[in-house]
Amino acid sequence: MRVFGLLKGLPYGNCNEDITEYAEIKNEIPKEKIIKYIESDAVEKWYTSADSRDVFTGEKLTAGKFVDGDFVFPMEFFHYYKNYDIGIPYDYEEYLKGKIDY
């Protein structure tokens, strides 16, 4: 499994990734197509009852994880991806190129 998006401030163990690292990623697939794909039934969603909040706004977030093939990432990462200028890891983008018509 390839895990990514364990950003500092998330309510899970070993969350030490800095969001600024994801801000440097510039993906080829348009963000709106990636969002639509992740929100579809093609990606497994696993929810948890952890209390999670946006570290910038304090907004309550849905906690859990997305599982897509060999990739796993927190639902909170997806929130940041949708609302902030960050990208997804290049290896996940390569995987998505076989699934998304862009």
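Which residues are exposed on the other side of α2? They are E32 and K36, where exposed means over 50% relative accessible area, buried under 20% and partly exposed in between, with a 1.4 Å probe and protein chains only.

## Basis of the model

This is a predicted model, in which local features need pLDDT of at least 70, side-chain atom pairs count only at pLDDT 80 or more, and totals for chains, interfaces and linings use all residues. Residues are numbered from 1 along each chain as its sequence is written, and side-chain values use heavy atoms, with hydrogens and water left out.

## Overall fold

The chain has four helices and six strands. These are DSSP runs numbered from the N terminus: helices are H or I with at least four residues, strands E with at least two. In sequence order the pattern is β-α-α-β-β-β-β-β-α-α. The radius of gyration, taken over C-alpha atoms, is 13 Å. The globule rule (2.2 Å times the number of residues to the power 0.38) also gives 13 Å for 102 residues, so the chain is as compact as a globular protein of that length. The C-alpha trace spans about 35 × 25 × 25 Å along its principal axes.

Of the 102 residues, 42% count as buried. Among contacts (heavy atoms within 4.5 Å) with a separation of 6 or more, 60% are between residues 24 or more positions apart.

## Helix α2

Helix α2 covers residues 31–39, and its buried residues are I34, I35, Y37 and I38. Seen down the helix axis, these buried residues fall within an arc of 165 degrees, so they line one face of α2. The arc is that of the directions from the helix axis to the C-beta atoms. The cover over the buried residues of α2 includes the strands β2 (44–47), β5 (64–68) and β6 (71–74), together with the helices α3 (75–83) and α4 (90–97).

## Helix α3

One of the elements covering α2 is α3. Helix α3 is itself mostly covered, with seven of its nine residues buried. The buried residues are M75, E76, F77, F78, H79, Y80 and Y81.

## The loop around P11

P11 sits in the loop between β1 (2–3) and α1 (19–23). Its relative accessibility is 34%, so P11 counts as partly exposed.

Leaving aside residues up to four places away in sequence, P11 touches A50, D51, S52 and E76. P11 and S52 are 41 residues apart in sequence, while their C-alpha atoms are 6.2 Å apart in space.
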